[in-house]
Structure formats: C-alpha cells, structure tokens
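Dear colleague,

Please find the structure below, handed over for your records. A written account of the findings comes directly after it.

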Amino acid sequence: MNRIHALGTGIWQIPLLILLAGLVVPHLLSSGFHLRLASIVCIYTILCVGFNLLYGYAGQISMGQQGFFALGAYAYALLTQAGWPFYAALPASLLVCAGVTLVIGVPLLRLRSHYLAMASLCFGLIFAGVASRWIDVTGGTAGMMVPSLKVAGHLVSRTELYYGLVVIAVAVLLLQNFIVGTHLGRVLYSLRGDETAAESLGVNVTAYKLRVFVLSSVLAGLAGVGFALVSRQVNPSFGEFPILVTILTVSVVGGLGTRYGALLGAIVVVLAPQGLTAFGDLETLLYGVCLLLFLLFMPHGLSGFLRALCLRLFRPAAAKPAPRLKVSP
Amino acid sequence: MNAMVSENSAVSDVILDIQGASKHFGGLVAVNDVSFQVGAGHVFGLIGPNGAGKSTLFNLVTGVLSPSAGEIGFDRRPMSRAPLHTRSALGMARTFQIVRVFPGLSVLENVMMGFHPRLVDGILPSLLRIAHVLRTERALRQRARELLAFVGLEGRADEPVEHLPHGQLRLLEIARALASEPRLLLLDEPAAGLNDGETRHLGTLIQQLNRSGLTVLLVEHNIDFMMGLCHRIAVLDHGCKIAEGTPREIQRDDKVIEAYLGRRASHA
Ligand SMILES: Nc1ncnc2c1ncn2[C@@H]1O[C@H](COP(=O)(O)OP(=O)(O)O)[C@@H](O)[C@H]1O
Ligand SMILES: [Mg+2]
C-alpha cells in the first residue's frame, strides 16, 4: 500500500486542489480561533512531511524533531529581537537548523539508525533544558514574545499569515511529491533496505542519510518559525514531548510513507479534540481509544484507507492481485 | 588507443588486474596472495570447492571488503581504497551470491536503482534541474522495461519484488546491474539454486552480453556450466590460486583434478 510505485501519479495536481481548498477555508470560518486551528494544520503538515521523508520513506528514526521545531522558533525569535527583518531571519533560522543537524549527524550516521534516534532524542532534551534554564537569553519558562510579522512596512494580519502558511505547506507537499516521485524516492527507499546493495549500486548511503536528516530538520525549523509567528511567542514547550507525540500521532493517523498522510493526519489531530470536548472528562480516554483503533484497523493510516477505498470504488480490477504471469526461462 | 593495443598484442587489453591479493579474517587466511588478470571482452571464471575463498576474493574486487595485502586495479586504476559507492560509476556492476533486492519497491523500480551512477546525485542538485529530472524519469522507465525484457521478466515489471521466485530475482539482479552500463559485470554464483532450464537461460544471457562486448567475471562451483562459457578460468583452493588457463587446460590439470574435480568425482 505504501509503495512509491502505487502512488506514482501526478506531482502537482492534488497539491493544486489542496491550495485552492486552503485558500477558500478562511471564507467558511467564523472565528479567529478556527483560523488559528487551520494555521496549525498547515504547520503540522510542514513538520510531519519532514518526519515522513526521514522515517516513512528513508526508514531513519529521529526522536528529536520537536527539538528542531523549537530551535527554528527560538532562532527566529532571537534574530528578530536582534533587529533582523523577516526575510533574513527566516532563512538564517533554517540554516541554524541545518548546521546543528550536520553537527549531530556527521559523526553518527555511519552507525546504525537507532543511534540517530538516541542522539536526536538527547538533542531534544538538551534543547528543552537550555531553553527553560538559560533565562537571560531565552526568557526561561516564560519564553519570549515574537512581534507581529511586518513585511515591507505592511503589518501582516492573521488571515494573511494563514495564506502564507497554506502556500508554504503546499510547496512542501510539492517538494515531497517531487522527491518520492523520482529517483530520489527510490534512493530514500533503498536506505531502509540493504545498505551494501545500495552502496554497490553507487548510492552514497551516509551522504543520503545526512541529506534527508538535514531536510527533515529544516522543515521542522520552518514549521517552528510558523508556530512562533502564529503564537506570537516562543517558550520551552515548543521543544517538549507533547510535540513529539503529536508528530508521531499525525504520522500514524495519516499514514507513514504516503504523500498526503501528513496533511490528513494533521487535519484529524487538530480537529478531533474539538469534536471530543463535548464528552467532557471522557475526552482524553476517547482520544486514546480512537488512536488505538486507528493503529489496529488502519495500519497504513487514513491515506492507505482512502486509497484502498478509491481502488475498490473506481478500479475494481486493480484492487485484486495481478495474475501471476508465467515466464519461460 | 591503437598504440596501447599493439603494445599488449600478446594479451588482450587488461581490464581487471589482481596483484597478490590477500585477505585475513583473524587467523584465517581466506585469500592467500592471489594474482590474475582479466582481459577486456573475456568471460573469466573463478572456480573452487566450497570455502575456497571465491566470495571473499569477489568482495575484494567489488569493494565490500578491503584487502589485507595486495592491490586490485580496474582499468589501470588502483581500487583498494576506492569507497564502495564509487565503484559503479567507474564501470563495475555486480550481483550477490544471496540476492539483495529492495523490498517495498516494484520489480521495475528495483531495476531503476541500477541507473543511480548515471543520474543527478543529491536533493539540491535534483531541485536545481527539476525539468531535466522529471523528463529523464519517463525515459528511465522505458529503458528499465527493455532491460527486464532482455532477461525475460517483462511480464512482472509492475509487481512488488517480493512476489518473484528465487530464479527470477537472479535475473532481476542482472537487469539491475546492466542498468549502470558497466564494462565489467561480476556475478557471484549466479546459477546457485536455479533449475536446469533457468541455468541454460542464464548461460545464454551471459554469452549474449559478452558478445556485445561486456567483460564478465564469474564465480561458480557448477563446473559444467563454466566450461562452455569461460575464455579463461582460475582455480582457488584453500585461498590459493592453484591453476589458471583455458577450460581445456584446467580440465587436464592434475592439481585441479585432485583438489576439485577428483573430489567431486569421488562424491558422484
Ligand atoms: N566475514 C568473514 N569472517 C570470517 N571468516 C570468513 C568471512 N567470510 C568468509 N570467511 C571464511 O573464509 C573462507 C572462504 O570463504 P568464501 O570466500 O565464502 O568461500 P567460497 O565463496 O569459495 O565458498 C571460509 O573458510 C569462510 O569461513
Ligand atoms: Mg561463495
């Protein structure tokens, strides 16, 4: 189900539809709170596409994505405080994320994947610790204010910020489609399999692991900057476990190793708690039960489920396994 | 070019030059001071009983292992320090004694992995050449289908690779190796586990490839398979090269008969 060849369709058609839908959304919403939820869907999509490329496709586990999310946010907040304009502070924050990833990744990626998981986890913990204790710089547990975004003298409204996030999220989905729809996707897939075979075919396995690790952290940092702008503040909770849990939940619910799993998962994870508030005290319990049901009955997430449904509805023949062809030797 | 050929007119141009290669695993000497040369355009066979060191020598040539001593030259370049992933770009391609494919990809996509050394490498360089990458993608699919057709797997291109039986995985590995357009194809026991029909098909494929100019280094202990196929054969026993020559010379060699053929004959 989560095979690249099964998803080898167009690269830009579905993202275009998503862009149109995303641009219509604000006209259907009644409150600023709903606009904030829609913005967070975009942010989680950006964050989880990075995790999806790293883990869902390349099979490399990182438990420190929340650290890079927070690193991007803090770097942006500090640079803005130092008087940097948006168009300089944003790329600089992403470069900081890329640089830190290289420092962690270069010595580690020659080793097996679980070292990467441990090291990135440690980075996340260290970052959260520094953010809450180095009060002079980071503002401690209270965090720092992030001034409203100003571009070329124009004060960006929350709706405009949302539009910006939609465009970036769609661009990130396009990037992912380009990667998994071409040779890069096959190379990422080969990393999770046999490294000797991949190397013998000319793949520089260490370099590609590093590349996808850097890409996923930069996307996490980008999402972090977005979250800082939407929240108008940064604080240590950006880098703590609940964010990691959210990443994992979004990925599992949406479907790892699928093109639109991150978006679908983000929508569900942001909206579901809103629907469940009606159940009062039972909310957390119900949320947990629903997640468990997802794991049990939709191992490929919503993406896999929707795909199977489409195949069943529109191409009944394709859902059945292809007949085995006999090839004479 | 002509000058070079006339210089070596006695032997054909040497593409693979193994000089005193040794490999130790702790106290065990798996390959002991082995030298031989493979001429361009030849099918060169490496035979020997189980445990003779064939796979180890093969892995020294392909770069999976690095030699404890000696030097391996490919196309007149010393290779023993070249990282594994750089070899295919230089024109070497291999198959594995135990097939290694990428689960989760289709048969076609497994073949397409073989194109890697000829494609834009890296995420940023690919992004800078989006149009080119997207355009080549379609041509690559077509080329991969042709390679599958060549080995006789055209009907299975779009299936998950997990569906293929062992014999067809072998053919898939060969198609994947050919995708990089190698000048030297290295096959480690390609006939192992194949039935008679599949083995004959494999022999025909190797001959066809060789006729089109490809040099082949073949490891095998099915000696009958080798006799009709190879221009030259080297025999390994206990890590040492005990003989080298044409198939006829090898068949008549006393040491070979004792170490290998004799042993096999006594089993029969
Ligand atoms: N990685 C290894 N570590 C230790 N010993 C090895 C290793 N690989 C091979 N050997 C030993 O080296 C010898 C040669 O093995 P191999 O090259 O696989 O022989 P062949 O392919 O001719 O059957 C055997 O005795 C084998 O046990
Ligand atoms: Mg062997």
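This is a predicted model: local features need pLDDT of at least 70, side-chain atom pairs count only at pLDDT 80 or more; totals for chains, interfaces and linings use all residues.

Residues are numbered from 1 along each chain as its sequence is written, chains are lettered from A and ligands numbered from 1 in the order in which they are written, and side-chain values use heavy atoms, with hydrogens and water left out.

**Ligand 1**

The residues around ligand 1 are B:Phe25, B:Leu28, B:Ala30, B:Pro49, B:Asn50, B:Gly51, B:Ala52, B:Gly53, B:Lys54, B:Ser55 and B:Thr56 (a residue is near a molecule or strand if one of its heavy atoms lies within 4 Å of it). By class, this shell holds 5 nonpolar, 5 polar and 1 charged residues; here Ala, Val, Leu, Ile, Met, Phe, Trp, Tyr, Cys and Pro count as nonpolar, Asp, Glu, Lys and Arg as charged, and the others, Gly among them, as polar.

Ligand 1 exposes 560 Å² when taken alone, and the protein buries 58% of that (accessible areas come from the Shrake-Rupley method with a 1.4 Å probe; for residues, only the protein chains shown count as cover). Two or more residues of the shell come from each of β2 (28-39) and α2 (54-62) of chain B, and α2(B) gives the most, with 3 residues. Helices (H or I, at least four residues) and strands (E, at least two) are DSSP runs, numbered from the N terminus.

**The magnesium ion**

The magnesium ion (ligand 2) has B:Ser55 (OG) and B:Gln97 (OE1) as its protein donors, at 2.1 to 2.5 Å. Donors are N, O and S atoms within 2.8 Å of the metal (3.2 Å for Na, K and Ca); water is not among the atoms, so sites may look incomplete. B:Ser55 belongs to helix α2 of chain B and B:Gln97 to the loop between β6 (92-94) and α4 (107-113), so the pair ties together parts that are 42 residues apart in sequence. B:Ser55 is partly exposed at 23% relative accessibility, and B:Gln97 is partly exposed at 34%. Buried means under 20% relative accessible area, exposed over 50%, partly exposed in between (1.4 Å probe, protein chains only).

**The strands**

In chain B, 4 strands form an open sheet in the order β2-β1-β4-β5, with antiparallel pairing. Two strands pair if DSSP finds at least two bridges between them. The edge strands, each pairing on one side only, are β2 and β5 (77-78).

Strand β1 (residues 14-25) is joined to β2(B) by 8 bridges, with B:Gln37 in β2(B) as the bridge partner of B:Asp17. These two strands form a hairpin with 2 residues between them, and B:Gly26 in the turn has a positive phi of about 60 degrees. On β4 (residues 69-74), 5 bridges connect to β1, and B:Ile72 stands opposite B:Ile18.

Within β2 of chain B lies B:Val34, which is buried with a relative accessible area of 1%. B:Asn32 is also found in strand β2, but is partly exposed at 35%.

Strand β9 (residues 232-237) of chain B has 5 of its 6 residues buried, so it is largely enclosed by the rest of the structure. It pairs in the parallel sense with β3 (residues 43-47) over 4 bridges and in the antiparallel sense with β10 (residues 240-245) over 5 bridges.

**Two loop residues**

The loop between β4 and β5 of chain B contains B:Asp75 and B:Arg76. Phi is positive in both, near 55 degrees for B:Asp75 and near 70 degrees for B:Arg76. B:Asp75 is partly exposed at 32% relative accessible area, whereas B:Arg76 is exposed at 55%.

With kind regards
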